[in-house]
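This briefing covers selected features of one protein model. Please consult the sequence and coordinates shown below while reading.

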Amino acid sequence: MSRLIYALLAMVTILVPFQFDVYIPAFPALVEYFDTDEASIQVTLTASLIGMATAQLVMGPISDLFGRRGPMLVTLLAYVLSSLACIFSPSVEVMTVARFILGFSASSGFVMVNAYIRDVSSNKEAPRRFATMVTINGVGPLVAPLVGGQLLFFGEWQIVFVFLALLGSASLISIFLKLPESLPREKRSAASLSSLSSNAAIILSDRQFLIPALVWALTFSTAASFIAGSPFALQRGFNLTETEYTYLFAFSNLMLLTANLVNRRLLKRFRPVTMLRYGMAQASLAASLLILIAVLDFSNLFLTIGVFALGISVMGFVGANATSLALTNHKERAGFAAGLFGFSAFFFASLIAPMTGVFFGANVSGLSTVMAISLGTAALVGFSFLRHREGSVPADSIAKKGEKP
């Protein structure tokens, strides 16, 4: 896969975290503009998450039917139009609908990026290519809130969505001009309900798909819980200003980005199974430390944020490796499989993220408890799956032997 293709796919990938995180600093301005409360503005974020989950389920099969390039162009156009709709929203209700479409369109592109990689990659190449995209995707949460905060120095909250529209337009034009199709017509799925049902049955009966998907969903939910609960837990628990919180949030994402880079590097020597096994070990350690924080009610800010970062960075050793393992047996239905894989993550996140405030309290102890439950469960499921799998053979040796990762 050429550097140009990497760059084009990366442009589409980065749209997901940017549309989700870049407007968070504008929340107070949105409350004032629409003359509403904080909860109503937070619903716009929930709408985006639901849109992202729905896209994972819908767009995978569609891309198997019609190819990757055409649907990607349509969803990029929807990304641009929904960004513009946010700018001109007359009410918070209209904004919520526009945010749903924006999340749907961004996530659709990410589904097709994963499917595109599976189309053009061998079993040896796929893990590192997935790792590259996960690393690029990890940059978004690190810089998006900072970008959003800087944009607000130059205008009102609308400027954030102007930026997203321009980012989407650049991706749309680049994909239209330069990205070739990866799924020839003769390899596309038949457009029938029976074909869709058959593909679903094959995927959902594959244990090698289901277990990595569940592990990733639980790990991703840990980060979603942190995003939903940390503004309240950290700012209130340690009397932080919004700026101080933003830097701590960026630190956690920096640790995630570092984990992605380390994982990608080590995939030159080790199988995805080996790296996933390490991820489960780190998840176990982080879950144990989070339980201690919850029980002992630590008041040390730096120790607390360090443990949170340790838990979030588990994603760096799970995302690409779980994706590679889950899609190994489904190259001919990669879009559908990638969609189901992504849907599981967003679905679990939408269930688990609100638990902090609803069941355990929007404080450090409550957030630590929810994150510990997610990571601990992920480790138990993951170790059960990995128990009888070999994983110490370098990736280069796999290719020579013709084995699956």
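Helix α8 spans residues 158-178, and its 21 residues reach 30 Å from the first C-alpha to the last. This is close to the 30 Å expected at 1.5 Å a residue. The model is predicted, and local features are considered at pLDDT of at least 70.

**Helix α8**
- The buried residues of α8 are Val 160, Phe 161, Leu 164, Ala 165, Gly 168, Ser 171, Leu 172 and Ile 175.
- An α-helix has 3.6 residues a turn, so residues three or four places apart point the same way.
- Exposed residues Leu 166, Ile 173, Leu 177 and Lys 178 sit on the face of α8 turned away from its buried side.

**Second largest pocket**
- The volume of the second largest pocket is about 180 Å³.
- Its lining consists of Leu 204, Phe 209, Leu 210, Ala 213, Leu 214, Ala 217, Leu 340, Phe 343, Ser 344, Phe 347 and Phe 348.
- Two or more lining residues come from each of α10 (207-238) and α15 (334-352).
- By class, this lining holds 10 nonpolar residues, 1 polar residue and no charged residues.

**Thr 36**
- Thr 36 is located in the loop between α3 (27-34) and α4 (38-66).
- Thr 36 counts as partly exposed because its relative accessibility is 23%, between the limits of 20% and 50%.
- Leaving aside residues up to four places away in sequence, Thr 36 touches Val 31 and Ile 41.
- Thr 36 and Val 92 are 56 residues apart in sequence, with a C-alpha to C-alpha distance of 7.9 Å.

Notes: Residues are numbered from 1 along each chain as its sequence is written. This is a predicted model: local features need pLDDT of at least 70, side-chain atom pairs count only at pLDDT 80 or more; totals for chains, interfaces and linings use all residues. Side-chain values use heavy atoms; hydrogens and water are left out. On a 1 Å grid over the protein atoms alone, a cavity is a set of points where a 1.4 Å probe fits but cannot get out, and a pocket is an open set with protein on both sides within 12 Å along at least five of seven lines; lining residues have an atom within 4 Å of a point. Grid points are joined across faces, edges and corners, and a volume is the space filled by probe spheres set on the points. Helices (H or I, at least four residues) and strands (E, at least two) are DSSP runs, numbered from the N terminus. Ala, Val, Leu, Ile, Met, Phe, Trp, Tyr, Cys and Pro count as nonpolar, Asp, Glu, Lys and Arg as charged, and the others, Gly among them, as polar. The expected span of a helix is 1.5 Å times one less than its number of residues. Buried means under 20% relative accessible area, exposed over 50%, partly exposed in between (1.4 Å probe, protein chains only). Contact means heavy atoms within 4.5 Å.
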